[in-house]
Amino acid sequence: MLFLIFQIGNERYALDAAEVAVVLPPAPCKQVPEAPPWVRGIFSHDGRNVPVLDVSMLALGTPAAARLSTRMVLVRYMPEGQTPQLLGLIVERATDTLRCEVADFTGSGLVHDNARYLGPVMRQGDNLIQWVKVADMLGADVQALLFPEESPA
């Protein structure tokens with residue numbers, strides 16, 4: 001499998017490249033007044049409106065640093081009972097990929113209800129890389145704000 005590697009704080013994470021539609025440099029987003037602080041805004045991509053979330057703000061409560069390696073990753077997100085949508089994630093140090101086997105990741109030995117998106121880990125040199133899945137990264141409160149089903153007119 002191929003993974004996109006990124007950081008939240010000082011820790012490294014892996015996102016299945018099959019969930020990634022495109023990796024872009026950060027771009028200006030339309031601000032959404034009174035949105036939660038982890039909502040970066042709305043971005044237009046190929047004629048589609050894409051909500052953009054700051055993963056660092058969502059996970060740690062601090063915004064992603066403005067680095068040359070900070071990226072906007074457009075991922076394929078599947079809202080429950082709907083067609084797939086594009087969702088933008090602002091992540092830091094998203095410049096590397098990793099090709100490895102699923103079996104290289106093993107259980108972390110820890111369950112954390114407030115961070116259920118944290119999956120298995122693998123060792124790479126002196127570091128651990130933790131696999132995260134987009135759908136698991138978004139709690140019910142976040143999912144409730146994304147792609148509400150439009151009621152018929």
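**Strand pairing, cores and side-chain contacts**

Q: Which residue of strand 7 stands opposite Arg 76?
A: Leu 86 in strand 7 stands opposite Arg 76. Strands here are DSSP runs of E with at least two residues, helices are runs of H or I with at least four, and both are numbered from the N terminus.

Q: What kind of model is it, and how is it numbered?
A: It is a predicted model, where local features need pLDDT of at least 70 and side-chain atom pairs count only at pLDDT 80 or more, while totals for chains, interfaces and linings use all residues. Residues are numbered from 1 along each chain as its sequence is written, and side-chain values use heavy atoms, with hydrogens and water left out.

Q: Back to the strands. How many bridges join strand 6 to strand 7?
A: There are 7 bridges between strand 6 and strand 7, and the two run antiparallel. Strands count as paired if DSSP finds at least two bridges between them.

Q: And strand 3 with strand 6, in which sense do they pair?
A: Strand 3 and strand 6 pair in the antiparallel sense, over 4 bridges. Val 22 has Leu 74 in strand 6 as its bridge partner.

Q: Is strand 6 largely enclosed or largely exposed?
A: Strand 6 is largely enclosed by the rest of the structure, because 5 of its 7 residues are buried. Buried means under 20% relative accessible area, exposed means over 50%, and partly exposed is in between, with a 1.4 Å probe and protein chains only.

Q: What does Val 20 touch?
A: Val 20 is in strand 3. Leaving aside neighbours within four places in sequence, Val 20 is in contact (heavy atoms within 4.5 Å) with Leu 4, Leu 15, Val 73, Leu 74, Val 75 and Arg 76. Val 20 is buried, at 13% relative accessible area.

Q: New topic, the core. Which residues touch the most other members?
A: Phe 6 and Leu 87 do, in the largest nonpolar core, which has 24 residues. A nonpolar core is a set of buried Ala, Val, Leu, Ile, Met, Phe, Trp, Tyr and Cys residues joined through side-chain atoms within 4.5 Å.

Q: Which elements supply at least two residues each?
A: Strand 1, strand 2 (11-16), helix 1 (55-60), strand 6 (71-77), strand 7 and helix 2 (134-137). The largest share, 4 residues, comes from strand 7.

Q: What else is there apart from that core?
A: Another core, of 10 residues, lies apart from it, with Phe 43, Val 52, Ala 64 and Ile 90 among them.

Q: How many aromatic pairs are there?
A: The count is 5 aromatic pairs. One is Phe 3 with Phe 105, a tilted pair at 5.1 Å centre to centre, with 55 degrees between the planes. Rings of Phe, Tyr and Trp (its six-membered ring) pair if their centres lie within 6.5 Å; planes under 30 degrees apart are stacked, over 60 edge-to-face, and the rest tilted.

Q: Where do Phe 3 and Phe 105 sit?
A: Phe 3 is in strand 1 (residues 2-8) and Phe 105 is in the loop between strand 7 (85-99) and strand 8 (118-124), 102 residues apart. Both Phe 3 and Phe 105 are buried. Phe 3, Phe 105 and Trp 131 form one aromatic cluster.

Q: What lies over the face of Trp 131?
A: Lys 133 does, at 5.0 Å from the ring centre. For a charge to sit over a ring, NZ of Lys or CZ of Arg must be within 6 Å of the ring centre and within 35 degrees of the ring normal.

Q: OK, salt bridges. How many?
A: There are 2 salt bridges, each defined as a side-chain nitrogen of Lys or Arg within 4 Å of a carboxyl oxygen of Asp or Glu. One joins Asp 54 and Arg 40 at 3.1 Å, N to O. Asp 54 is in strand 5 and Arg 40 in strand 4, 14 residues apart. Asp 54 is buried at 3% relative accessibility, whereas Arg 40 is partly exposed at 27%.

Q: And what about Arg 67 and Glu 92?
A: The side chains of Arg 67 and Glu 92 meet in a salt bridge at 2.8 Å, N to O. Arg 67 is in the loop between helix 1 and strand 6 and Glu 92 is in strand 7, so the pair ties together parts 25 residues apart in sequence.

Q: Last one. What is the phi of Glu 34?
A: Glu 34 has a positive phi of about 65 degrees, although it is not a glycine. Most residues other than glycine have a negative phi. Glu 34 is in the loop between strand 3 (20-24) and strand 4 (39-45), and it is exposed at 84% relative accessibility.
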